[in-house]
Amino acid sequence: IRGGQVSDIREQPWQVAINAYWPRSKAYSFRCGGVLIDSCWILSAAHCFQERFEEKHLQVVLGRTFRLQNSSSEQIFDVEKYWIHEQYDDETYDNDIALFKLKSESGICAIYSPEVLPACLPEPNLALPDWTECEISGYGKEEEFSPFYSERIKRGMVRLWPQDQCVPEKLSGRLVTSNMLCAGDTRGLDDACKGDSGGPLVCQKNGRMILMGLISWGDGCGKKDIPGVYTRVTKYSNWISSRMRAN
Ligand code: 4AZ
């Protein structure tokens, strides 16, 4: 997260970190963010998994304020299976969504606690007013050209842009589809950045935190009047629930 503030996992208990194992270096490395949506289910961005990692090479970490630091509140899971959206386009990042089922013997995976709680999925028809203030979070970079990911979880505040202002002219010419939404800080400060992908954009409604977006792409991080681009989660309600029901 560029700008924003350091946070605590209890402020973003749905935030997950996904690590991928690299056989050549025999080590796990941080890959992307993700969002807990149910005890055994998380969402992330398809583009993080273009390499088509095997399930056994992925690991999901919940409940950590510090990305690399063990914590008594953490819960770590293997992945039983994951699905990349069938229409994901690696050129445009259209349909940039992936669904993960965590592995468990019992059918219960994450145990809810102050540090581990799911975000709510939106109804498919939920439309929030333009410029609604929402929250993003992640362990991603604090500056576009920083060599490091953030060691501590951060959060930032961004506003939902009107779709008619979310156009290629604002985003170095890249296509913006109706499956994407734009959000940015009108002060030009808070924004998602590299490593935050797959993580949440949540908006408060009736006291609940609703997952409206997944961090997907942008033109740099926190440039003035340039929004970040997010996967529009309302478009995938049926895709998500049908897979959860069938599995
Ligand atoms: C990235 O590279 C990335 N400012 C994600 C989000 C944004 C930029 C880059 C939005 O994963």
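In what order do the 6 strands close into a barrel? The order is β2-β3-β4-β7-β6-β5, with antiparallel pairing. Strands here are DSSP runs of E, at least two residues, numbered from the N terminus, and two of them pair if DSSP finds at least two bridges between them.

Before going on, this is a predicted model: local features need pLDDT of at least 70, side-chain atom pairs count only at pLDDT 80 or more, and totals for chains, interfaces and linings use all residues. Residues are numbered from 1 along each chain as its sequence is written. The average pLDDT, the predictor's confidence in each residue from 0 to 100, is 97 for the protein.

Now the active site. UniProt, in an unreviewed entry, places that feature at His-47, Asp-96 and Ser-197; such annotations may be inferred rather than shown by experiment. The three span 151 residues in sequence, but no two of their C-alpha atoms are more than 9.8 Å apart, so they gather at one spot.

His-47 sits in the loop between β4 (41–44) and β5. His-47 has 20, so it counts as buried. Asp-96, in the loop between β6 (75–84) and β7 (98–102), is buried with 28.

Definitions and conventions:
Helix = DSSP H or I, 4+ residues; strand = E, 2+ residues; numbered from the N terminus. Buried ≥ 20, exposed ≤ 12 C-beta atoms within 10 Å, placed from the backbone.
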